[in-house]
Every structure is written in C-alpha cells, then in structure tokens.
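My entries follow the structure.

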Amino acid sequence: MAEKNIIIIGAGLAGLSAGCFARMNGYNARIFEHHSLPGGVCTSWKRKDYVFDGCIHFLMGHRPGNAAYELYQTLGITDSCRFIDLPSYFTIMDESQGRSFAFTSDITAAFGALKSQSPGDARLLDELLAGAQALRGIDFFGLMKKPQELIGIFDKLKILWAMRSAGRYMSGKYKQRTDVYVKQFKDPWCQFVIKNLFFPQVPVWFIMMLLASLADNQLGYIYGGSLEFVKPIEKKFKGLGGEIAYKATVEEIIVRNNKAVGVRLADKSEYFADFVISAADGYSTIFNMLGGKYVDDSVNSMYKTWEMFPGAVMASYGVAKDYSDKPHADMIKLKKPFNMGGKDIDVIAVRQFDSRSGYAAPGKTGLQVECLDGDWEFWNNLVKDRRLYDAEKDRISKELLTVLEPHYPGMSSAVEVTDVATPYTTWRYTRNHKGAFEGWLPTPEAISARVKKTLPGLGNFYMAGQWVAPGGGVTPCLFSGKQAVQLVCAAEGREFN
Ligand SMILES: Cc1cc2nc3c(=O)[nH]c(=O)nc-3n(C[C@H](O)[C@H](O)[C@H](O)COP(=O)(O)OP(=O)(O)OC[C@H]3O[C@@H](n4cnc5c(N)ncnc54)[C@H](O)[C@@H]3O)c2cc1C
C-alpha cells in the first residue's frame with residue numbers, strides 16, 4: 001500500500017514529535033517551518049563566549065523510570081542531550097526586608113525554614129507540604145500516553161488507581177488559584193513566596209506537583225542550552241526519512257469539501273497531503289489559516305476568555321566574571337520598581353548560565369533577567385519605529401544593570417555582550433499569538449478542560465502543541481504531537497506503533 005502523506009505546520013517540539021511518530025507509523029511526513037531553525041520557543045542562542053537560554057528552566061522527568069523519559073528516548077533526545085539535575089528550584093528574596101528563602105529538593109527542610117520565617121502560617125505550610133509529599137512518585141505523564149479522545153474505561157480505571165494517593169489533593173480547595181488560596185496566609189512574605197512558585201493563577205495542586213517533582217529529583221535542565229534538546233529530535237525525524245522546509249511560512253490551509261487537503265505558503269506555492277496537522281500557533285491556525293470557518297461556541301469562548309501566558313522580556317548579559325557562589329536562579333522583589341515597556345516592574349527573575357553547564361567559557365557567566373509580564377501592545381506598537389524600539393531595549397539593559405549590580409558585584413564593568421528579547425521577538429520567530437510564549441495559562445479552568453485536537457466540521461485535520469495542551473510545557477507538547485498521530489491512525493483504523 002502506498003504511504004499516505006501528512007503535512008505538519010511548525011517544527012517546534014510538537015511538530016517535530018508529530019513528524020517522528022508519523023514516520024514511525026508509515027506516513028510520509030513533511031514539516032513546513034516559518035523560522036530557519038527547529039524548536040520554536042524551545043531555543044537558545046550564542047553570543048560571543050556565551051549561550052543564552054530562552055526556554056527550559058526545568059525539564060520534568062529527566063531521569064529514567066517514567067513516561068516522559070521513555071518519550072525522550074523514543075524521540076532520540078537521550079542519545080545526545082545531556083540532562084543536569086536542577087541544583088534547587090530557585091532562591092526568592094525581598095530587597096526591602098532583606099529576607100530570602102531557597103527552594104531546595106529537600107522540601108521538608110525547605111518548608112521547615114519557611115515555617116521558622118513565618119510561624120503564623122505553619123499549619124497551612126504543613127498542609128501544602130503534605131500535599132506535595134502525597135504527589136511524590138506519581139507518573140503524571142503516564143496520563144498523556146493516549147489522547148483523551150481514545151481513553152477507554154480500562155484506561156480510566158488504571159489512571160484512577162495510579163492517582164489514588166493524589167485524589168484528595170487534586171480536588172476541593174486545592175483546585176483554586178494559588179493567589180486566591182494564599183490570601184489566608186498571615187505573613188505577606190509567605191504569601192509572596194508561595195504564590196510565586198509558579199504563575200499565581202495556577203491551581204494549588206499544580207504547585208504541589210512541582211514540589212513533588214523537585215523532591216523526587218525529577219527536575220533537570222539542559223547542558224549547553226535548550227536548542228541541544230531539540231537538535232536530536234530533528235535528527236531523528238530526518239533519519240526516519242522526514243522532510244523539513246525552513247523559512248516556509250504557511251499562509252492558508254487548503255480545504256476541499258470540508259476536508260484539509262494541503263497548505264499554501266506565503267510565496268503562494270501549494271502542497272497537498274492526506275492529512276494536515278497544525279503544530280503552530282492556535283489563533284493563527286484557526287482564525288487566519290482557516291479563516292475562522294471551523295469554530296463553535298467552545299472554541300470561540302476559549303479564544304475570547306482564557307488567559308494566555310504574558311509576553312516575556314529577557315535581558316541577557318555575558319559577564320567576564322565567575323558567580324558560581326550565587327544561586328543558579330533567583331527571584332527578586334525589588335525595593336524600587338523600574339519601568340519596562342510602559343509598566344512598573346517590581347519582581348524580576350534572574351537565571352545564571354555558567355561554564356560548568358556548558359553555557360559560558362570558564363570564568364565567565366551569562367546572566368539573564370526575565371520579566372514575565374511583557375505588554376504585547378506596547379512592544380508591537382513601538383517596533384513600528386525601529387529606532388524607538390532599539391532605544392527602549394538599550395535603556396532597559398542599562399537600567400537593569402544598576403538593579404543587578406548589588407546582587408552580582410562587579411558585573412557592570414565586566415559585561416562583554418548584551419542581548420534583549422521582547423514579546424515581539426517571540427512573535428517574530430515563532431508567530432505565537434501576542435508573543436504569549438507558552439500558550440494558555442494553566443488556570444484551574446484551562447487545565448481541567450478537554451481541548452479537542454480537531455475542529456468542528458473539518459475533516460483530516462488535527463492540532464498539536466501548546467494551544468491544545470493548556471499550560472504548554474516541553475513534555476506535554478511532545479506528547480501532543482504523538483497524540484495527533486494516534487488520532488490519525490485511529491481515524492484510519494490503523495494500529496498505532
Ligand atoms: C521563556 C520560556 C520558558 C519556558 N520554560 C519551560 C520550562 O522550564 N519547562 C517546560 O517544560 N516548558 C517550558 N516552556 C514551554 C515550552 O517550551 C513550550 O510550551 C513548548 O516548547 C511549545 O512547543 P510547541 O511546539 O507547542 O510550540 P512552538 O514552540 O511555538 O512551535 C510552533 C512552531 O510553529 C512555527 N510556526 C508558527 N506559525 C507558522 C506558520 N504559519 N507556518 C509555518 N510555521 C509556523 C513556529 O515558528 C514554531 O517553530 C518555556 C517556554 C518559554 C518561551
């Protein structure tokens with residue numbers, strides 16, 4: 001039987017994963033990618049002696065013994081990518097009060113330290129800790145081995161059994177947003193620490209799950225930068241006979257008789273296939289490439305009402321100094337807010353990229369400030385006058401240096417290279433809607449929703465990636481690419497391998 005063809009839009013993690021599984025299941029697979037590189041938002045870039053990372057702060061399941069690691073093996077990632085254990089989650093500090101706290105993998109000791117800082121909140125902290133301990137050892141990614149559409153009664157029973165110790169902590173009050181939950185804490189510092197463990201909008205159980213992974217030593221990052229995680233998947237896909245066209249932006253999905261039959265690129269060339277999988281930005285797929293013709297109330301309401309991740313501003317510095325005595329990641333509540341992109345910013349995150357992790361030459365350090373509150377409208381308007389846009393980036397990088405200097409003494413006079421990326425940069429390279437770097441925020445509503453990988457009324461078409469996997473993330477996006485191919489196989493009555 002002649003092989004059928006699948007066109008995949010986007011060579012981010014979801015698209016590459018879909019490509020590999022398509023080839024492993026006997027389909028011809030061709031990926032069209034807007035950028036000149038694979039990986040989408042999962043990327044890193046080199047400037048002089050430094051690699052600046054734009055993505056993986058923590059990779060879940062980086063050690064064997066769980067479904068995520070098995071997937072990394074299947075996709076060839078473990079062949080050449082080196083994982084490093086996260087030394088600690090991060091250190092959080094308040095400049096005004098001179099308080100700081102480190103989230104280490106010994107979560108009992110860490111919570112003990114926090115309790116001694118905020119004794120009035122000991123009972124609530126014990127509750128959070130108990131939840132995190134109960135979620136330890138659970139293979140959450142086991143739930144993603146199949147798309148929800150194909151999960152049957154026996155799968156459900158298996159899931160319930162695997163999650164039996166977690167049930168209590170994934171329901172009731174632990175389903176509420178963390179920023180709402182922490183209002184009952186007495187000490188504002190303790191509130192601040194807990195709600196900033198991840199985005200404050202996520203449910204409390206999500207925080208517990210992160211803490212459980214930290215305690216299980218299942219959070220890692222990538223030696224040499226996030227692009228090193230991507231390259232082996234691209235290699236695997238090509239080795240399986242897949243084709244990728246770069247600088248190939250899809251403008252339209254060609255539909256005949258309500259079936260997706262191919263794509264039209266920006267240069268007007270057309271390509272045809274039996275199936276189309278879009279692993280690109282959700283909004284532009286649904287409302288631009290398909291002209292908004294295949295939507296229903298639930299799709300419309302999702303795109304109108306759900307919260308997206310904000311845009312990120314990342315200011316990276318190559319510094320000819322060693323800061324290995326400092327934490328690898330900090331969150332700093334500033335004494336004096338500074339203005340960035342029209343907003344007063346009072347909390348910044350700082351990542352350190354050192355030579356031991358393959359990011360910088362010996363004795364040198366990459367430091368990156370992240371402000372995860374970038375205003376899309378501001379940057380998108382400003383870029384219309386390139387001089388103003390560049391001047392604002394320049395001002396930010398200079399002002400931030402004065403903010404960082406007390407934390408990294410001697411830094412200002414040792415900077416060798418500076419790089420500032422804005423939400424517009426994210427959009428330019430990846431086309432994610434309004435520069436939202438990780439798709440939908442995993443609010444209680446979004447994370448518990450069943451987002452379909454198909455669109456109403458459209459045949460032979462599937463979606464993968466962070467816009468159909470609320471909360472995004474490396475591993476869920478890789479799984480979503482696999483799931484799209486599982487759905488293609490199911491539609492054809494083929495067994496999935
Ligand atoms: C700053 C940052 C930190 C993160 N930290 C973590 C972390 O610590 N841990 C974690 O697990 N996850 C993290 N993530 C999230 C994770 O990296 C993403 O959710 C995931 O990589 C998204 O993959 P994707 O394939 O769904 O989407 P994308 O990466 O957006 O890929 C989509 C691809 O489609 C292409 N495309 C778009 N439109 C078109 C078109 N019209 N034609 C052709 N191609 C098109 C784009 O160029 C892109 O390559 C982080 C992300 C960022 C940005």
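I worked on a predicted model, where local features need pLDDT of at least 70, side-chain atom pairs count only at pLDDT 80 or more, and totals for chains, interfaces and linings use all residues. Residues are numbered from 1 along each chain as its sequence is written, and side-chain values use heavy atoms, with hydrogens and water left out.

Ligand shell. I found 36 residues around the ligand, and Glu-33, His-57, Val-250, Asn-432 and Gln-466 come nearest. I noted 19 nonpolar, 14 polar and 3 charged residues in the shell; Gly counts as polar here. Domain 1 (5–42 + 225–307 + 442–491) and domain 3 (311–430) each supply at least three shell residues.

Ligand polar atoms. I looked up pairs of N or O atoms within 3.5 Å. A nitrogen atom of the ligand lies 3.0 Å from a backbone N or O atom of His-34. A polar backbone atom of Phe-58 is 2.8 Å from a nitrogen atom of the ligand. The side chain of Asn-432 places an N or O atom 2.7 Å from an oxygen atom of the ligand. Alone, the ligand exposes 1,000 Å², of which the protein buries 96% (Shrake-Rupley method, 1.4 Å probe).

His-407. His-407 has a relative accessible area of 14%, so I logged it as buried (under 20%, 1.4 Å probe, protein chains only). Its side chain makes a polar contact of 2.7 Å with the side chain of Glu-95.

How values were computed
Near = heavy atom within 4 Å. Polar contact = N/O pair within 3.5 Å; in protein donor to acceptor, adjacent residues only side chain to side chain. Domains from an automatic or database assignment. Buried < 20%, exposed > 50% of the residue type's maximum accessible area, 1.4 Å probe, protein only.
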